[in-house]
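Here's a quick briefing to read alongside the model. Have the viewer open and follow along topic by topic.

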Amino acid sequence: MRGLAVASPLPPAAAAARRWPRASFSGRETSTQCWKYDLSQDRSLGGSLRIGQSQGSLLRHHSTNLLRPAAAAISVEQDDINTYLPKGDMWSVHKFGGTCMGTPQRIQSVADIVLGDSSERKLVIVSAMSKVTDMMYNLVHKAQSRDDSYMIALEEVFEKHMAAAKDLLDGEDLASFLSQLHSDVSSLRAMLSAIYIAGHATESFSDFVVGHGELWSAQMLSYAIKKSGAPCSWMDTREVLVVKPSGPNQVDPDYLESENRLQKWFSRQPAEIIVATGFIASTAENIPTTLKRDGSDFSAAIIGSLVRARQVTIWTDVDGVFSADPRKVSEAVILSTLSYQEAWEMSYFGANVLHPRTIIPVMKDNIPIVIRNMFNISAPGTMICRQPANDNGDLDACVKSFATIDNLALVNVEGTGMAGVPGTSSAIFSVVKDVGANVIMISQASSEHSICFAVPEKEVAAVSAALHVRFREALAVGRLSKVEVINGCSILAAVGLRMASTPGVSAILFDANINVRAIAQGCSEYNITVVLKQEDCVRALRAAHSRFFLSKTTLAVGIIGPGLIGGTLLNQLKDQAAVLKENMNIDLRVIGITGSSTMLLSDTGIDLTQWKELLRKEAEPADLANFVRHMSDNHVFPNKVLVDCTADTSVASHYYDWLKKGIHVITPNKKANSGPLDQYLKLRTLQRASYTHYFYEATVGAGLPIISTLRGLLETGDKILHIEGIFSGTLSYIFNNFEGTRTFSDVVAEAKEAGYTEPDPRDDLSGTDVARKVIILARESGLTLELSDIPVKSLVPEALASCSSADEFMQKLPSFDEDWAKQRSEAEAAGEVLRYVGVVDAVNQKGQVELRRYKRDHPFAQLSGSDNIIAFTTSRYKEQPLIVRGPGAGAEVTAGGVFCDILRLASSLGAPS
Ligand SMILES: NC(=O)C1=CN([C@@H]2O[C@H](COP(=O)(O)OP(=O)(O)OC[C@H]3O[C@@H](n4cnc5c(N)ncnc54)[C@H](O)[C@@H]3O)[C@@H](O)[C@H]2O)C=CC1
Ligand SMILES: N[C@@H](CC=O)C(=O)O
Ligand code: NA
């Protein structure tokens, strides 16, 4: 036996070892070095001798069984050649479906994608141009039903391909394609005419006709690739792929024969790029046939396996495999990896991934399949392979996807006589088999008292009738108690390879508030299947999906009162939502906005860029009860919060119920915390006993950290002695700006215009707003005071207290400007300013609100704008109080304070800090 002649020196051992890690070096660093190689582990060698033809291949000597890396130029003696077809990592297989081959421009893009792949060798499988396969079947159908319009239809097929070729090709390539097209169409015309005369087409006649779509698309693409100068041949896979029928509408590949034929083919045309026809094949007797449904994917997988490809890429028009049907679950995400088994399970449960049989050929050789979008090349796609690369072991990753099957019926066979009686299930399922029904899932209670199974709804009547006949006697004597049919069912399947090793998966599924009728989980635990009412299915699918795929800190937000503060908050949420999601994994979804007359609801989140417009155009009449139901019935989102941005006492009276329902509450509205003491205490007791949160930072000092500062002091054991301050942004603004240049009523109007006042400014001027804040802080400090316990000096002239509206009040206020001017001058003459202050006297358990005069150098006299200043005197801050100062009213700062509370909530739900 002759050896191998290597014409140029071998690569250095170290470099070679990197490239062939399983090789063990023996010999010296000379041209005589040899490499032992573990053939069994290397799919590039396929366990038998392969000889490479370029640098980077492995050569094995027959007699010594030693392998060595090939050098750039090798001359190989004919005797030593087992095969001409190089196999292994150098091959990359691509498949482009009809949509990808839909137009000449797309065919050109396909050519560009193929040329852009740097693999040493490429095998490209193509489908017919979109719609062509249907057109071809239609030709056969017309001809055999003796409809002579088949001639016109054939002409259309011809025109379509001629037009595409003229767009795509030119010169000699175009001429030779068109000449082939002419000749093919002539033979088709003859064959269709024969079919027309016979009024019948055999399957192979039909397959012969139909396969032309692929023959033409493959030739066009190969010419388009060749145009760029790349060496490319096209392959009629009927010469290579041999299959045998294995059932109705099903064929099995004959790998051995196909491999032999492929090698022969390659020895004739050893091109670096081969464009091959998908879908078509032939029998061992060379009769044309097809690979049936999803045939081109199957062709790609078989050929990928024959050449032991590095990868098979299936190009399509979606970014990859979704975690659930995106038409049903808008939150569905593209999965980066899937195991073969997961892809298999998903296909079974109706996900449009790959036909299970497409996976078999590549699975045996561990060849990854990548699903990619040819219209979005930047998307990495989904890789289907043996071991998911990003399998990081957390619970979220163990469920890969959810799929559903509708229109099922559940059959439940029940009875004490079933337990321990061998053959019952075999009797049941032989009945099912006899009526030809397709069992989708089976579940048997371990007590063996019942077996239930799901079948398509349209098959259940026959199944039920046959079971009643078969078990008539058992039913009559009571061994079986019933054969029950439950119509209108769906299956929801959770698929994931790692569910087996992850505790708690089914618990999460059940926790999603799904009313489950039956459950099945195989020992392999690749899927958990639950049967539920069809009408619940989409809701359940969304709920289950959200449990696994949404961030734990996804918050469904309902905004009540989109006025100044609520509206500003919505705009802030709109501007910041993407940043929060990106940086902190906090996903905020406003799923409802209600004003006093209209409300806007959404299941998955309102588009905040147009909330105002939507609220005008798409809103429904406001109904707070329905609004809250919409929040609590939503099972997509794990956490919900209602944000009350009204000043309404009746809205505040519902907080207790909402917290009880598990809905968190956040508010700038002071009514609940300054309302009747018993209700306040009841609310706080409930909230402290639950894990539901209630935040209200903006009720005092707007966005200033007043409540949180006070809480921090108290929770760390400090003792509050005294809290004193200017708590009203409105009154602060008024007295900071009422300096003799403008009238009192003008300054009040300015404060209202600036958004500092309450919806009715009398609430500010009357001192009620300050009294409420004093009560809130007093109660927070442990005092049990009612609002009526606080003496308040009202600045509302008695005559205006009874005005029927805020507008009327504002109109009449100027008549009191003179009184105010007098008070101000008196203070000024004494070197003092007017300031409206609130006091919590924790030592004496009292509160107070009054208009005081302060010397010009007092800190309270130094404020500007809407500044609040609050001084906490405590056991720790006794000599010098702890002071918080800053703008204490206004839309942006108040909405910002409410927003802060929302993030505090997200943080207590587990968001990163
Ligand atoms: N303006 C400010 O600087 C500050 C305001 N706040 C508080 O913020 C809250 C909101 O104040 P603004 O936005 O200025 O008032 P606003 O009058 O501009 O907005 C209140 C909104 O609530 C709506 N509303 C009233 N009753 C309702 C109900 N039952 N159901 C649904 N919607 C209802 C109104 O139609 C309006 O759109 C008040 O509680 C106020 O005390 C707190 C701190 C500072
Ligand atoms: N109207 C209030 C707003 C804040 O609570 C004020 O003026 O302080
Ligand atoms: Na505050």
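Among contacts in the chain between residues at least 6 apart in sequence, what percentage join residues at least 24 apart? The figure is 71%. Keep in mind that this is a predicted model. The chain runs to 913 residues, 44% of them buried, and has 32 helices and 36 strands.

**Ligand 1**

- Start with the shell around ligand 1, where 29 residues surround the ligand.
- The closest of these are Gly 561, Gly 563, Leu 564, Ile 565 and Ala 647.
- By type, the shell splits into 14 nonpolar residues, twelve polar and three charged.
- Helix α18, covering residues 564-584, gives the most to this shell, putting in three residues.
- Why does ligand 1 lie between domain 4 and domain 5? Both domain 4 (554-700 + 901-908) and domain 5 (707-889) give residues to its shell, so the ligand lies between them.

**Ligand 2**

- Around ligand 2 you'll find Ala 702, Ser 728, Gly 729, Thr 730, Tyr 756, Thr 757, Glu 758, Asp 764, Asp 769, Gly 888 and Ala 889.

- Strands β33 (residues 832-841) and β34 (residues 846-855) run antiparallel and are joined by ten bridges.
- To pick out one pairing, look at Leu 834, whose bridge partner in β34 is Arg 853.
- Four residues sit between the two strands of the hairpin, and Gln 845 takes a positive phi near 55 degrees.
- As a reminder when you inspect the strands, side chains in a regular strand alternate between the two faces of the sheet.

**Ala 301 and its surroundings**

- Ala 301 is part of helix α9, which spans residues 295-306.
- Is Ala 301 buried or exposed? Ala 301 counts as buried because it has 31 C-beta neighbours inside 10 Å, and the cut-off for buried is 20 or more.
- Leaving aside residues up to four places away in sequence, Ala 301 touches Val 312, Thr 358, Pro 361 and Val 362.
- Ile 125 is 176 residues from Ala 301 in sequence, yet their C-alpha atoms are 9.7 Å apart in space.

**The nonpolar core**

- The largest nonpolar core has 238 residues, and those touching the most other members are Val 124, Leu 221, Val 275 and Ala 454.
- Not counting residues up to four places away in sequence, Val 275 touches a set of residues including Val 124, Leu 221, Ile 225, Trp 234 and Met 235.
- Ser 222 is also among the residues that Val 275 touches.

Note on methods:
Residues numbered from 1 in each chain as written. Chains lettered and ligands numbered in written order. Predicted model: local features only at pLDDT ≥ 70, side-chain atom pairs only at ≥ 80, totals over all residues. Near = placed C-beta within 6 Å. Nonpolar A, V, L, I, M, F, W, Y, C, P; charged D, E, K, R; others polar. Domains from an automatic or database assignment. Pairing = 2+ DSSP bridges. Buried ≥ 20, exposed ≤ 12 C-beta atoms within 10 Å, placed from the backbone. Contact = placed C-beta atoms within 7 Å. Core = buried A, V, L, I, M, F, W, Y, C linked by C-beta atoms within 7 Å.
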